[in-house]
Amino acid sequence: MLNKLKSFFTTEPEASQDNDAALHLAAAVLLIEVAKSDHSLDKLELDQLRGVLQKEWGLSDADLADLVDVARDKAEQHTSLHQQIDLINGNFDMPRKLALMEGLWGVACADGQIHHYEELLIRRLADLMYVSHSDFIRTKHLALDARGTD
(Lines give C-alpha, C1' and ligand atoms only; values in the text may rest on other atoms or scores of the structure.)
Protein backbone atom coordinates (compact mmCIF):
# COMPACT_ATOMS: atom_id res chain seq x y z
CA MET A 1 0.00 0.00 0.00
CA LEU A 2 2.78 2.44 0.89
CA ASN A 3 4.42 1.87 -2.51
CA LYS A 4 1.10 2.45 -4.27
CA LEU A 5 0.61 5.70 -2.37
CA LYS A 6 4.14 6.84 -3.17
CA SER A 7 3.67 6.01 -6.85
CA PHE A 8 0.57 8.20 -6.84
CA PHE A 9 2.81 11.22 -6.25
CA THR A 10 5.10 10.38 -9.15
CA THR A 11 2.44 9.74 -11.82
CA GLU A 12 0.21 12.09 -13.71
CA PRO A 13 -3.16 12.63 -11.97
CA GLU A 14 -5.06 11.42 -15.06
CA ALA A 15 -3.10 8.15 -15.13
CA SER A 16 -3.91 7.31 -11.55
CA GLN A 17 -7.62 8.08 -11.42
CA ASP A 18 -8.54 4.39 -11.44
CA ASN A 19 -5.99 3.59 -8.77
CA ASP A 20 -7.67 2.50 -5.54
CA ALA A 21 -4.75 3.81 -3.50
CA ALA A 22 -5.24 7.27 -5.01
CA LEU A 23 -8.95 7.19 -4.14
CA HIS A 24 -8.19 6.04 -0.60
CA LEU A 25 -5.67 8.84 -0.26
CA ALA A 26 -8.07 11.46 -1.63
CA ALA A 27 -10.75 10.50 0.89
CA ALA A 28 -8.21 10.27 3.72
CA VAL A 29 -6.86 13.76 2.97
CA LEU A 30 -10.39 15.20 3.12
CA LEU A 31 -10.99 13.43 6.43
CA ILE A 32 -7.67 14.79 7.79
CA GLU A 33 -8.56 18.29 6.67
CA VAL A 34 -11.86 18.15 8.55
CA ALA A 35 -10.16 16.72 11.63
CA LYS A 36 -7.61 19.52 11.75
CA SER A 37 -9.93 22.36 10.69
CA ASP A 38 -10.70 23.18 14.35
CA HIS A 39 -6.96 23.78 14.83
CA SER A 40 -6.41 20.55 16.73
CA LEU A 41 -6.00 16.99 15.59
CA ASP A 42 -6.78 14.85 18.60
CA LYS A 43 -6.77 11.10 19.18
CA LEU A 44 -10.57 10.80 19.11
CA GLU A 45 -10.70 12.36 15.65
CA LEU A 46 -7.84 10.19 14.36
CA ASP A 47 -9.51 7.06 15.75
CA GLN A 48 -12.79 8.02 14.07
CA LEU A 49 -10.94 8.76 10.83
CA ARG A 50 -9.29 5.33 10.91
CA GLY A 51 -12.68 3.76 11.60
CA VAL A 52 -14.23 5.47 8.58
CA LEU A 53 -11.40 4.35 6.30
CA GLN A 54 -11.49 0.80 7.70
CA LYS A 55 -15.26 0.57 7.23
CA GLU A 56 -15.18 1.86 3.66
CA TRP A 57 -12.22 -0.13 2.34
CA GLY A 58 -11.44 -2.95 4.76
CA LEU A 59 -7.73 -2.15 4.85
CA SER A 60 -5.26 -4.11 6.92
CA ASP A 61 -3.88 -2.37 10.00
CA ALA A 62 -0.53 -1.80 8.25
CA ASP A 63 -2.17 -0.37 5.11
CA LEU A 64 -4.43 1.80 7.24
CA ALA A 65 -1.46 3.17 9.21
CA ASP A 66 0.44 3.87 5.96
CA LEU A 67 -2.59 5.59 4.44
CA VAL A 68 -3.12 7.84 7.46
CA ASP A 69 0.58 8.75 7.60
CA VAL A 70 0.74 9.64 3.91
CA ALA A 71 -2.57 11.53 4.11
CA ARG A 72 -1.29 13.59 7.04
CA ASP A 73 1.88 14.45 5.10
CA LYS A 74 -0.13 15.29 1.98
CA ALA A 75 -2.54 17.46 3.99
CA GLU A 76 0.39 19.38 5.46
CA GLN A 77 1.88 20.01 2.00
CA HIS A 78 -1.23 20.87 0.00
CA THR A 79 -2.43 24.29 -0.95
CA SER A 80 -5.62 23.09 -2.58
CA LEU A 81 -7.99 20.14 -2.35
CA HIS A 82 -8.67 20.34 -6.09
CA GLN A 83 -6.93 17.05 -6.95
CA GLN A 84 -8.75 15.13 -4.21
CA ILE A 85 -12.13 16.58 -5.17
CA ASP A 86 -11.54 15.74 -8.84
CA LEU A 87 -10.72 12.13 -7.95
CA ILE A 88 -13.80 11.85 -5.75
CA ASN A 89 -16.10 13.41 -8.35
CA GLY A 90 -14.64 11.33 -11.16
CA ASN A 91 -14.86 8.00 -9.36
CA PHE A 92 -17.47 8.07 -6.60
CA ASP A 93 -21.17 7.65 -7.29
CA MET A 94 -23.62 9.56 -5.09
CA PRO A 95 -24.08 6.79 -2.46
CA ARG A 96 -20.31 6.61 -2.03
CA LYS A 97 -20.09 10.40 -1.76
CA LEU A 98 -22.80 10.34 0.89
CA ALA A 99 -20.92 7.66 2.83
CA LEU A 100 -17.86 9.92 2.69
CA MET A 101 -19.96 12.89 3.84
CA GLU A 102 -21.21 10.87 6.79
CA GLY A 103 -17.59 9.96 7.56
CA LEU A 104 -16.58 13.63 7.42
CA TRP A 105 -19.33 14.46 9.90
CA GLY A 106 -18.30 11.53 12.08
CA VAL A 107 -14.77 12.88 12.29
CA ALA A 108 -16.08 16.38 13.02
CA CYS A 109 -18.18 15.22 15.96
CA ALA A 110 -15.69 12.65 17.30
CA ASP A 111 -14.59 15.01 20.06
CA GLY A 112 -18.18 15.62 21.18
CA GLN A 113 -18.76 18.87 19.34
CA ILE A 114 -18.81 20.18 15.80
CA HIS A 115 -16.64 23.28 15.55
CA HIS A 116 -17.96 25.95 13.19
CA TYR A 117 -14.79 25.65 11.06
CA GLU A 118 -15.43 21.92 10.66
CA GLU A 119 -19.01 22.56 9.58
CA LEU A 120 -17.91 25.27 7.16
CA LEU A 121 -15.34 22.98 5.53
CA ILE A 122 -17.81 20.10 5.23
CA ARG A 123 -20.35 22.47 3.64
CA ARG A 124 -17.74 23.57 1.08
CA LEU A 125 -16.75 19.97 0.36
CA ALA A 126 -20.42 19.03 -0.08
CA ASP A 127 -20.82 21.82 -2.62
CA LEU A 128 -17.69 20.76 -4.50
CA MET A 129 -18.87 17.12 -4.55
CA TYR A 130 -22.34 18.16 -5.79
CA VAL A 131 -24.06 16.91 -2.63
CA SER A 132 -27.44 18.57 -2.09
CA HIS A 133 -28.15 20.61 1.01
CA SER A 134 -30.74 18.09 2.16
CA ASP A 135 -28.17 15.26 1.89
CA PHE A 136 -25.62 17.48 3.66
CA ILE A 137 -28.05 17.85 6.60
CA ARG A 138 -29.18 14.21 6.49
CA THR A 139 -25.61 12.88 6.67
CA LYS A 140 -24.91 15.24 9.56
CA HIS A 141 -27.86 13.82 11.49
CA LEU A 142 -26.86 10.25 10.67
CA ALA A 143 -23.38 10.90 12.07
CA LEU A 144 -24.77 12.62 15.16
CA ASP A 145 -27.24 9.80 15.75
CA ALA A 146 -24.46 7.21 15.41
CA ARG A 147 -22.40 9.20 17.89
CA GLY A 148 -25.32 9.77 20.27
CA THR A 149 -24.70 13.54 20.12
CA ASP A 150 -27.05 16.45 19.38
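Let me begin with a word on exposure: a residue is called buried under 20% relative accessible area, exposed over 50%, and partly exposed in between, with a 1.4 Å probe and protein chains only. By that rule glutamate 102, at 26% relative accessibility, counts as partly exposed.

Before going further, please keep in mind that this is a predicted model, in which local features need pLDDT of at least 70 and side-chain atom pairs count only at pLDDT 80 or more, while totals for chains, interfaces and linings use all residues. Residues are numbered from 1 along each chain as its sequence is written, and side-chain values use heavy atoms, with hydrogens and water left out.

Glutamate 102 lies in helix H6, where helices (H or I, at least four residues) and strands (E, at least two) are DSSP runs, numbered from the N terminus. Which residues does glutamate 102 touch, not counting residues up to four places away in sequence? They are Thr139, Leu142 and Ala143, and contact here means heavy atoms within 4.5 Å. Between glutamate 102 and leucine 142 there are 6.9 Å in space, C-alpha to C-alpha, although the two are 40 residues apart in sequence.

Let me stay with H6 and turn to its packing. Two packed helices are described by the angle between their axes and the distance between the axes. The axes are lines fitted to C-alpha atoms, for helices over the stretch in contact, and the angles run from 0 to 180 degrees between N-to-C directions. Helix H6, residues 94-108, packs with H3 at an angle of about 160°, and their axes are 9 Å apart. H3 is therefore roughly antiparallel to H6, given that angles under 35 degrees count as roughly parallel, over 145 as roughly antiparallel, 65 to 115 as roughly perpendicular and the rest as oblique. On the H3 side the contact involves Glu45, Gln48, Leu49, Val52, Glu56 and Trp57, and these meet Arg96, Ala99, Gly103, Gly106 and Val107 in H6. Sorted by class, the contact of H3 with H6 has 5 nonpolar, 3 polar and 3 charged residues; here Ala, Val, Leu, Ile, Met, Phe, Trp, Tyr, Cys and Pro count as nonpolar, Asp, Glu, Lys and Arg as charged, and the others, Gly among them, as polar.

H3, which spans residues 43-57, also packs with H4, residues 61-77, at an angle of about 120° and with the axes 11 Å apart. The two helices are therefore oblique to each other. Leu46, Leu49, Arg50, Leu53 and Gln54 of H3 make this contact with Leu64, Leu67, Val68 and Arg72 of H4, and the residues divide into 6 nonpolar, 1 polar and 2 charged.

Now to the loop between H2 and H3, where we find both serine 37 and histidine 39. Is serine 37 buried or exposed? With a relative accessible area of 14%, serine 37 is buried, and its side chain reaches the backbone oxygen of valine 34 at 2.8 Å. Histidine 39, by contrast, counts as exposed at 66% relative accessibility.

Finally, a remark on backbone angles. Most residues other than glycine have a negative phi. Histidine 39, although not a glycine, has a positive phi of about 70°, and tyrosine 130, also not a glycine, has a positive phi of about 60°. Tyrosine 130 is placed in the loop between helix H7 (116-128) and helix H8 (133-147), and at 61% relative accessibility it counts as exposed.

Definitions and conventions:
Polar contact = N/O pair within 3.5 Å; in protein donor to acceptor, adjacent residues only side chain to side chain.
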